[in-house]
Amino acid sequence: MDPVRLLLELSPLAGEGARGEFVAAHLPRARRDGLGNVWAGEGPVLLLAHLDTVLPPKPPRRVGERLYGPGVGDNSSGVAVLLSLPEMPGVVRGFTVGEEGLGNLKGARALVETLAPEVVVAVDGYLPGVVDRALGSVRFRITFLGRGGHAWGDRGTPNPVFALAEGLSRLHTLFKEVGSEASLNASGLRGGEAVNAIPKEASALLEIRALEEEALRTLYHKAQEVLEEVARFHGVEVSSEVLGTRPAGSTATPKLLQAAEVALAKIGERPQFQPGSTDASAAIERGIPALALGVYRGGGAHTPEEWVLPQSLWEGREVLLAFLKALGVG
């Protein structure tokens, strides 16, 4: 099957349900579960490509050799490449929900538990990237709570928005001191409804990422301490709700790494080993050998101007087939 044609048909579809239906219609003997995962095949090797996108997809537009559109690469291209493969003995092709955002790897975790594979490969990312190490993360919501009131009549009443602003600023400073081994992101800020009313609450979504589990735990606890200190200073309450976690670590075996090198040599490339957060993390946390293979060339992931070189999907298909051959399956 032609991965470029599949990409052009799939990339405009919005929502995991519509995308799952598309995959199921093109996947012989497809099976589905209650979450929305789609898979077919039997064997010890599980290939995973996630159906969801960060931004709502739009029909891609062609500019020169490139296709532009939100989600056209991550992971519409990965799905198209995996879907284009033929049926192979010993290989399960799985298409998952809940990889992006607050999905918390629910699709990949469910398939790994249900199918109990011996090897897991996430089909996700740019050529010649190979994610051989899981990047750990904690995603959580912080909420500052106050009494609220009239902007003038209750002036001086603690304002949760100011507490939130100071808390985020102090966390930003903390992570600047940590350096490149960890990251902090803030999004989804909310607080108040009227310009002349003191809000009762203010909240934000936060994500901490780190290369090591111990560092991840330490940074999360430091963040909680900072936020509690800010809340006390402003005279408000603060609560924190964990929305998702992903493990840090690696289970990539020498055989997997060598197979990646052999496969990428087929297109004249050498693997760029790097940490990342992919569906492979669902296997890594269970101690199952796993990594992620990039299968297309592009850029701008998670932005409206994401782009891919459509013909590179053929390269990705060749790499993925060569990888399976090097593993002795397919």
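**A look through the predicted model**

The stretch covering residues 136-231 is 40% helix and 35% strand, and its end C-alpha atoms sit 27 Å apart. In UniProt, an unreviewed entry lists these residues as "domain: Peptidase M20 dimerisation". The model described here is a predicted one.

Next come the cores. The largest nonpolar core has 48 residues, and those that touch the most other members are Val23, Leu47, Leu82, Phe95, Leu293, Phe323 and Leu324. Helix α9, residues 312-327, puts in the most, with seven residues. Apart from this core lies another one, made up of 25 residues, including Val138, Phe144, Leu174 and Leu216.

Quite a list of α9 residues is buried: Ser312, Leu313, Gly316, Arg317, Val319, Leu320, Ala322, Phe323, Leu324 and Leu327. An α-helix has 3.6 residues a turn, so residues three or four places apart point the same way. As for Leu324, once its neighbours within four places in sequence are set aside, it is in contact with Val45, Leu47, Leu85, Met88, Val91 and Val329. After α9 comes Gly328, with a positive phi near 90°.

Helix α4 (residues 106-115) has its own set of buried residues, namely Gly107, Ala108, Arg109, Ala110, Leu111 and Val112. What do the buried residues of α4 pack against? Their partners are the strands β2 (38-40), β3 (45-50), β6 (91-96), β7 (119-123) and β14 (237-246), along with helix α8. Just past the end of α4, Ala116 has a positive phi too, of about 45°.

Finally, there is Ser277, found in the loop that runs between β15 (272-276) and α8 (281-284). Is Ser277 buried or exposed? The cut-off for buried is under 20% relative accessible area, and Ser277 comes in at 16%, so it counts as buried. Its side chain makes a polar contact, at 2.8 Å, with the side chain of Arg246. Arg246 also turns up among the residues in contact with Ser277 beyond its neighbours within four places in sequence, together with Glu99, Leu135 and Arg209.

How values were computed
Residues are numbered from 1 along each chain as its sequence is written. This is a predicted model: local features need pLDDT of at least 70, side-chain atom pairs count only at pLDDT 80 or more; totals for chains, interfaces and linings use all residues. Side-chain values use heavy atoms; hydrogens and water are left out. Helices (H or I, at least four residues) and strands (E, at least two) are DSSP runs, numbered from the N terminus. Buried means under 20% relative accessible area, exposed over 50%, partly exposed in between (1.4 Å probe, protein chains only). A polar contact is a pair of N or O atoms within 3.5 Å; within protein, one must be able to donate a hydrogen and the other to accept it, and residues adjacent in sequence count only if both atoms are side-chain atoms. Contact means heavy atoms within 4.5 Å. A nonpolar core is a set of buried Ala, Val, Leu, Ile, Met, Phe, Trp, Tyr and Cys residues joined through side-chain atoms within 4.5 Å. UniProt positions are given in the numbering used here, feature names are shortened, and annotations may be inferred rather than shown by experiment.
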